[in-house]
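Notes follow in the order I looked things up.

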There are 6 protein chains.
Amino acid sequence: MAKRLLEHKIGEFFIEEEPFYIPLGKEIEMFEKAFKSKLPVMLKGPTGCGKTRFLQYMAYCLKRPLITVACHEDLTTSDLVGRYLLKGSETVWTDGPLTTAVKIGAICYLDEVVEARKDTTVVIHPLTDDRRVLPIEKKGEIITAPDEFMLVVSYNPGYQTFLKDLKQSTKQRFIAMDFDYPKPELEQQILIRESGVDNATAGKLIELAQKIRNLKNRGLEEGVSTRLLIYAGQLIVNGIDVMEAVRAAMIKPITDDAAMQMSLEEIAVSIFI
Amino acid sequence: MAKRLLEHKIGEFFIEEEPFYIPLGKEIEMFEKAFKSKLPVMLKGPTGCGKTRFLQYMAYCLKRPLITVACHEDLTTSDLVGRYLLKGSETVWTDGPLTTAVKIGAICYLDEVVEARKDTTVVIHPLTDDRRVLPIEKKGEIITAPDEFMLVVSYNPGYQTFLKDLKQSTKQRFIAMDFDYPKPELEQQILIRESGVDNATAGKLIELAQKIRNLKNRGLEEGVSTRLLIYAGQLIVNGIDVMEAVRAAMIKPITDDAAMQMSLEEIAVSIFI
Amino acid sequence: MAKRLLEHKIGEFFIEEEPFYIPLGKEIEMFEKAFKSKLPVMLKGPTGCGKTRFLQYMAYCLKRPLITVACHEDLTTSDLVGRYLLKGSETVWTDGPLTTAVKIGAICYLDEVVEARKDTTVVIHPLTDDRRVLPIEKKGEIITAPDEFMLVVSYNPGYQTFLKDLKQSTKQRFIAMDFDYPKPELEQQILIRESGVDNATAGKLIELAQKIRNLKNRGLEEGVSTRLLIYAGQLIVNGIDVMEAVRAAMIKPITDDAAMQMSLEEIAVSIFI
Amino acid sequence: MAKRLLEHKIGEFFIEEEPFYIPLGKEIEMFEKAFKSKLPVMLKGPTGCGKTRFLQYMAYCLKRPLITVACHEDLTTSDLVGRYLLKGSETVWTDGPLTTAVKIGAICYLDEVVEARKDTTVVIHPLTDDRRVLPIEKKGEIITAPDEFMLVVSYNPGYQTFLKDLKQSTKQRFIAMDFDYPKPELEQQILIRESGVDNATAGKLIELAQKIRNLKNRGLEEGVSTRLLIYAGQLIVNGIDVMEAVRAAMIKPITDDAAMQMSLEEIAVSIFI
Amino acid sequence: MAKRLLEHKIGEFFIEEEPFYIPLGKEIEMFEKAFKSKLPVMLKGPTGCGKTRFLQYMAYCLKRPLITVACHEDLTTSDLVGRYLLKGSETVWTDGPLTTAVKIGAICYLDEVVEARKDTTVVIHPLTDDRRVLPIEKKGEIITAPDEFMLVVSYNPGYQTFLKDLKQSTKQRFIAMDFDYPKPELEQQILIRESGVDNATAGKLIELAQKIRNLKNRGLEEGVSTRLLIYAGQLIVNGIDVMEAVRAAMIKPITDDAAMQMSLEEIAVSIFI
Amino acid sequence: MAKRLLEHKIGEFFIEEEPFYIPLGKEIEMFEKAFKSKLPVMLKGPTGCGKTRFLQYMAYCLKRPLITVACHEDLTTSDLVGRYLLKGSETVWTDGPLTTAVKIGAICYLDEVVEARKDTTVVIHPLTDDRRVLPIEKKGEIITAPDEFMLVVSYNPGYQTFLKDLKQSTKQRFIAMDFDYPKPELEQQILIRESGVDNATAGKLIELAQKIRNLKNRGLEEGVSTRLLIYAGQLIVNGIDVMEAVRAAMIKPITDDAAMQMSLEEIAVSIFI
């Protein structure tokens with residue numbers, strides 16, 4: 001049940017089964033070339049549009065292990081790089097996920113990097129210029145990344161406030177790729193596959209999702225993700241009434257505003273009933 | 001008297017007696033299907049309307065242990081996941097309640113999750129997508145949740161300020177279920193059962209509660225909870241004068257404003273005298 | 001001289017002599033019923049009006065030990081619940097005052113609870129619903145409170161700012177009892193007993209206190225407490241001139257404003273000279 | 001050279017020589033009565049007007065040791081009460097100055113108490129009501145203060161901002177005594193004694209000080225202290241030109257404003273030349 | 001793979017191969033004279049214009065090791081100077097990069113020094129006046145820098161806000177050298193060499209870069225760096241369509257604004273198609 | 001290379017060679033008298049006007065060791081006074097620079113004292129009144145300063161904001177001495193001596209410095225320091241073109257504003273060409 005990150009067991013971070021992924025455009029080719037050119041990549045796009053799935057797919061195709069770190073306000077350099085821990089009467093160094101990724105030549109994915117503390121964005125600088133090194137200041141070591149190592153960050157432009165934007169000196173170290181929700185036909189295909197819902201219902205759920213997404217910045221902070229569509233589908237397949245499922249999975253999670261909930265309810269009714 | 005959380009003694013977290021719970025609508029079916037579909041659930045609703053009781057009931061019905069964590073501003077990832085502690089001359093890892101819940105396949109309930117520090121909301125992300133894993137970064141381990149594990153959070157939309165809202169990338173990982181105070185007849189039934197108050201008094205207490213709740217956002221920050229109704233009932237049963245009991249349990253705890261206390265007093269008088 | 005809190009020496013926290021307390025109203029009966037119904041109690045009222053004395057009296061009457069914690073901005077959950085301390089080469093768990101109170105079935109009094117950090121207000125939640133348990137997360141233990149355990153908090157509504165109010169989800173866990181300065185005749189009796197001042201002087205000091213309290217919110221932040229009245233009495237009994245005593249104990253401690261001090265001085269002169 | 005605070009060596013904190021102090025009014029009697037009545041005292045007054053000297057004098061007269069703590073923004077309860085320190089392989093408790101003062105029955109002087117962190121003002125509460133105890137939470141001990149223990153705090157009302165005022169629940173635990181600069185004749189006497197300056201020069205320095213103090217709140221934040229007067233006297237006695245001495249000790253330290261410095265210079269010239 | 005910073009292995013920090021660098025003006029002579037005169041140097045200029053490369057080149061020419069520290073908000077004096085670490089049962093001092101640089105007579109480069117905490121800017125003061133010493137307060141040592149030691153900081157004037165400017169007492173310790181993007185012909189040469197792109201495409205990429213840089217402060221926070229130009233070139237050489245490469249490397253990384261992206265796209269189309 | 005501060009090696013802090021210093025006025029006499037009268041001194045003046053050099057000169061003349069501490073936002077009392085450090089299995093006390101200075105009777109110079117945390121300004125209070133003691137609270141010791149000990153602080157009035165001013169209760173413990181840039185003839189002498197530049201060029205550099213200093217508060221935050229003048233001289237002597245040297249040492253370090261740089265450039269051209 002428990003897997004050890006730290007003994008360079010490369011195999012464990014490999015994606016063993018091919019993840020289900022249908023390309024949105026030329027993103028696969030661009031990612032492959034960036035990998036070949038050893039360029040760091042930034043994935044830009046809204047919540048739940050498939051960035052994580054895409055990376056799992058690319059890690060599978062490129063046959064590289066994938067190490068994911070969800071960034072947050074309290075994530076420090078030590079959390080990424082490693083720290084000394086007391087074991088018995090000795091202090092033992094423990095690699096952080098970024099150090100492990102550099103050592104085993106993995107794809108390291110820093111999800112929502114803008115949330116991390118500033119020191120963590122600086123620690124990746126030397127990995128993203130032609131030096132491709134990771135200085136581990138606490139150990140006085142500099143590790144050179146192998147050619148297979150790749151750094152990927154994600155970033156949701158809609159969220160950033162003035163105070164929480166990435167510095168240009170960080171941004172300009174990545175090529176950037178835009179992501180968005182899949183096209184309707186494609187999303188319908190994904191929805192059917194992942195939830196088992198029938199074709200007709202899937203079509204209606206997609207239609208509803210489209211309409212909800214059009215309300216982004218017109219009362220909704222964010223559109224509805226593919227993930228929530230799949231939740232709705234799963235509830236329906238498990239016997240929940242379609243309107244109940246839509247309420248629980250596609251309306252209540254995305255807004256607390258009663259009037260907006262009412263509007264979304266009306267849109268749903270017009271589609272399903 | 002003291003129960004050990006940490007040795008995976010699954011049994012201890014089981015609810016042994018059936019909790020008293022009367023359904024408000026179809027919430028039981030929805031919760032069962034979510035459990036079956038392995039979907040994380042968010043309970044939305046005001047203070048003291050029965051969310052905790054509902055969860056105890058569902059844990060009893062689903063025969064799963066229930067581990068509850070009351071979230072607060074200083075709750076860190078380590079508080080949830082675990083930490084190394086010095087025992088004698090060695091550091092020993094101690095699982096946090098979330099890790100225990102994942103290991104024993106419990107229902108883990110994060111009460112008022114929005115109060116927790118941001119790092120704690122990020123740590124639940126990998127548990128709420130199709131990976132269903134809990135990375136324990138300090139140990140370099142990744143634990144896969146068994147099918148029986150379920151994550152539930154609660155959230156009171158009325159309280160959230162701009163600064164303290166959940167991120168959409170967190171919200172969109174849950175199906176949401178609304179909760180509210182029970183319907184009058186139902187609440188009266190609960191009140192009689194829990195406090196032992198007679199039917200007539202119970203009816204009047206309910207009537208008063210209804211009128212108080214109507215003042216929410218018209219001078220009252222929040223309505224009066226079922227819990228306070230029961231407190232009033234208990235005091236009355238123990239021989240306290242009904243108006244004294246109402247003052248102590250239903251008026252003074254919910255507002256410090258003298259004029260508002262006076263108005264509530266008048267409403268109470270009109271009902272009881 | 002030093003008493004050990006931690007070895008569950010119940011006896012030490014008992015109030016051995018009957019504290020001097022004259023009831024203001026029906027507060028004794030209400031408190032007894034709350035104790036009997038195992039309801040948590042919130043005492044609301046201004047500084048120095050006798051809340052602490054009342055609790056000592058109730059602890060004496062109910063024959064329960066009393067453990068008091070003065071809350072402040074830096075009071076943490078660990079300060080209440082306990083922590084591991086290094087003793088020799090081992091870490092030893094040390095119960096905090098709340099844990100001790102739960103274990104020995106004491107009345108635990110959190111004075112000015114609103115001053116404490118938010119995590120401490122959350123830790124009392126499970127003690128104040130029907131579970132009546134105290135989770136000690138650092139030890140992985142859950143302690144069930146015996147029937148004799150009672151939680152009491154105090155709260156001065158006049159002080160609270162928007163940022164420092166108790167959350168409704170905390171407030172609605174207590175029945176509330178209002179406290180105010182004792183009625184003049186009663187306060188005079190207390191003053192004579194505690195300071196030894198003669199009846200005539202006591203009457204004039206009470207008259208002055210009444211006039212000062214009427215200025216609350218009209219230039220004075222707070223009225224003068226019974227404690228300061230007793231200080232004035234003690235100084236007079238020890239031979240200090242009455243006006244000097246009044247200045248030192250009843251005027252200068254409560255305001256720095258020169259004009260207000262002058263007004264209070266004039267009121268005092270009109271009464272004493 | 002180094003004196004050990006911690007082994008209860010009472011003697012070391014005694015003031016051995018009678019400090020030079022000339023009473024301003026009836027402050028000595030008031031302080032003696034407060035000591036006798038075991039009342040805590042608050043000294044109110046501007047910087048450098050003799051509060052510390054007064055306390056040294058009273059400690060000498062009352063034959064009690066004096067322990068002084070200069071409060072500041074980072075002063076914590078542990079700094080006052082004590083903490084565990086690692087010595088060799090064991091943790092040893094080390095009393096803080098307040099605990100030492102309670103144990104040896106000293107006068108404990110918290111200078112500028114309003115500067116301390118809020119937790120420190122709460123820790124003195126139980127010492128200032130009729131319990132007269134000091135709870136040492138980290139050791140689980142409660143120490144009862146002997147009758148000789150006395151708590152004194154100082155407080156400069158001119159400085160306090162809204163955010164940094166003492167809480168009424170703290171203020172109302174002290175009797176208050178006002179202090180101000182000594183009367184001219186008295187200050188002249190002090191100045192001559194402490195600096196050795198001749199009578200005529202002393203008179204002129206006092207005249208200048210009076211004029212400077214009149215400018216408080218009219219361009220000057222604070223008047224000039226007796227200490228700075230003595231500095232000026234000392235420089236003059238050591239051969240510095242009187243105007244140079246006045247500039248260095250009485251003008252430049254109290255204001256950075258060039259125009260105000262000019263005005264003070266002119267006043268000085270009109271007096272000395 | 002791992003290099004040890006700490007054992008004064010001077011050789012490891014030497015730049016072994018001559019870095020590719022084409023002078024922009026007289027910066028090489030100025031730097032050599034500053035090195036000879038033992039003057040600290042501040043490099044001023046935008047992100048990605050070649051400051052780091054210049055320093056690598058100068059370190060190679062002057063045959064000095066180069067130690068680089070990327071500064072950030074959480075960089076402390078200890079991170080620069082060193083700290084005690086627990087190894088087994090002993091604490092061992094570990095030099096920080098600045099101490100190492102002083103000891104081995106390296107060029108120490110503090111990149112974006114303004115980002116560091118204030119204590120770090122003060123620690124470099126004694127190294128930048130005629131004392132040329134580094135006090136290591138935690139060890140009670142003062143190290144004198146050898147003549148070969150040189151301190152260099154970088155600073156991007158465009159970024160600094162009022163709150164994050166360097167103090168004049170820090171700034172006035174450095175001679176300052178301006179850097180900017182290379183002249184077009186020179187940048188084209190660099191671009192061809194580093195990416196392998198053909199001459200015609202390189203010319204067009206340079207033309208685009210010039211136009212983008214003209215938009216700085218007219219909708220763009222910062223111009224496009226030489227680094228991003230090289231990324232674009234590398235993608236094109238690897239077979240990515242030229243417009244796709246320009247989007248990924250020169251448009252999306254520098255702005256999130258949809259309208260600005262459109263404008264940049266149009267400029268690119270007018271040049272390439 | 002490394003000197004040990006802590007074993008009271010008085011000799012090491014002595015200034016062995018007479019520092020080059022030309023008096024600006026009567027500052028030497030004033031300082032000597034203050035030393036003789038055991039008065040603490042505050043040096044007021046702009047960056048780089050010679051305060052540090054003056055102190056080195058006085059320490060040399062008075063034959064006292066000099067210990068300098070550059071203050072900053074994170075400087076704590078422990079940094080000044082000392083702390084316990086773990087060495088092997090024992091904690092060993094390590095004196096801070098202030099304690100060392102008191103013990104060896106040195107001149108202790110707290111440079112830019114206003115930058116330090118508030119607790120550090122309070123720790124110097126007992127050293128600056130007639131007690132002349134340093135309480136080491138963590139060790140429970142009080143050290144009496146020998147007559148030779150002297151405390152000196154510096155302070156730049158131009159910088160202080162409302163939030164960062166010294167408290168009057170701190171300021172009024174020092175006599176104050178103003179410092180400013182040296183008079184032109186004197187500064188020219190210093191410049192020639194320190195940089196080796198010829199007399200004519202020195203005269204022009206001084207002329208430029210005068211004109212730049214006149215722009216203080218008219219677009220420049222601060223004038224140009226003598227140090228930067230010497231830098232310019234050194235570059236010129238090392239063969240750098242005079243205008244290049246002026247740009248690098250006297251224009252670019254003091255302002256980032258392009259228009260202001262242009263104006264300064266024109267002034268320089270008018271003088272040198």
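Predicted model: local features only at pLDDT ≥ 70, side-chain atom pairs only at ≥ 80, totals over all residues.

**Helix α8 of chain A**

I started with what lies over the buried residues of α8(A): the cover includes α7 (184-195), α9 (226-237), α10 (242-251) and α11 (258-272) of chain A.

Which residues of α8(A) are buried? I get A:T201, A:A202, A:L205, A:I206, A:L208, A:A209, A:I212 and A:R213. They take up an arc of only 160 degrees around the axis, so they sit on the same side of α8(A). Over on the other side of α8(A), I find A:N199 and A:A200 exposed.

Then I checked the length of the helix. Helix α8 of chain A runs over residues 199-213, and at 1.5 Å a residue its 15 residues should span 21 Å. The end C-alpha atoms are 21 Å apart, so the two values agree.

I also looked at how α8(A) begins. A side-chain oxygen of A:D198 comes to within 3.1 Å of the backbone nitrogen of A:A200 there.

**The annotated span and the whole chain**

For chain A as a whole I noted 11 helices and 10 strands. Of its 273 residues, 62% are buried. I looked at contacts in chain A with a separation of 6 or more, and 72% of them join residues 24 or more positions apart.

**How the copies are related**

I laid chain B on chain A: a turn of 60 degrees and a shift of 0.0 Å along the axis do it, with an RMSD of 0.0 Å. Do these copies meet through the same or different surfaces? Different ones, because only 5% of the interface residues of chain B are also interface residues in chain A.

**Two residues that touch another chain**

I picked B:R173, which is in the loop between α6 (168-171) and β10 (175-178) of chain B. Is B:R173 buried or exposed? Its relative accessibility is 8%, so I count B:R173 as buried. The side chain of B:R173 reaches the backbone oxygen of B:S169 at 2.8 Å. Leaving aside neighbours within four places in sequence, I listed its contacts: B:R173 touches A:R227 and A:Y231 in chain A, plus B:P40, B:H125, B:T128 and B:D129 in chain B.

What does C:S37 contact, leaving aside its neighbours within four places in sequence? I find B:Q234 and B:N238. C:S37 has a relative accessible area of 10%, so I marked C:S37 as buried.

Conventions. Residues numbered from 1 in each chain as written. Chains lettered and ligands numbered in written order. Heavy atoms only, no water. Helix = DSSP H or I, 4+ residues; strand = E, 2+ residues; numbered from the N terminus. Buried < 20%, exposed > 50% of the residue type's maximum accessible area, 1.4 Å probe, protein only. Polar contact = N/O pair within 3.5 Å; in protein donor to acceptor, adjacent residues only side chain to side chain. Contact = heavy atoms within 4.5 Å. Expected span 1.5 Å × (residues − 1). Arc of directions from axis to C-beta. Least-squares fit on C-alpha atoms with pLDDT ≥ 70 in both.
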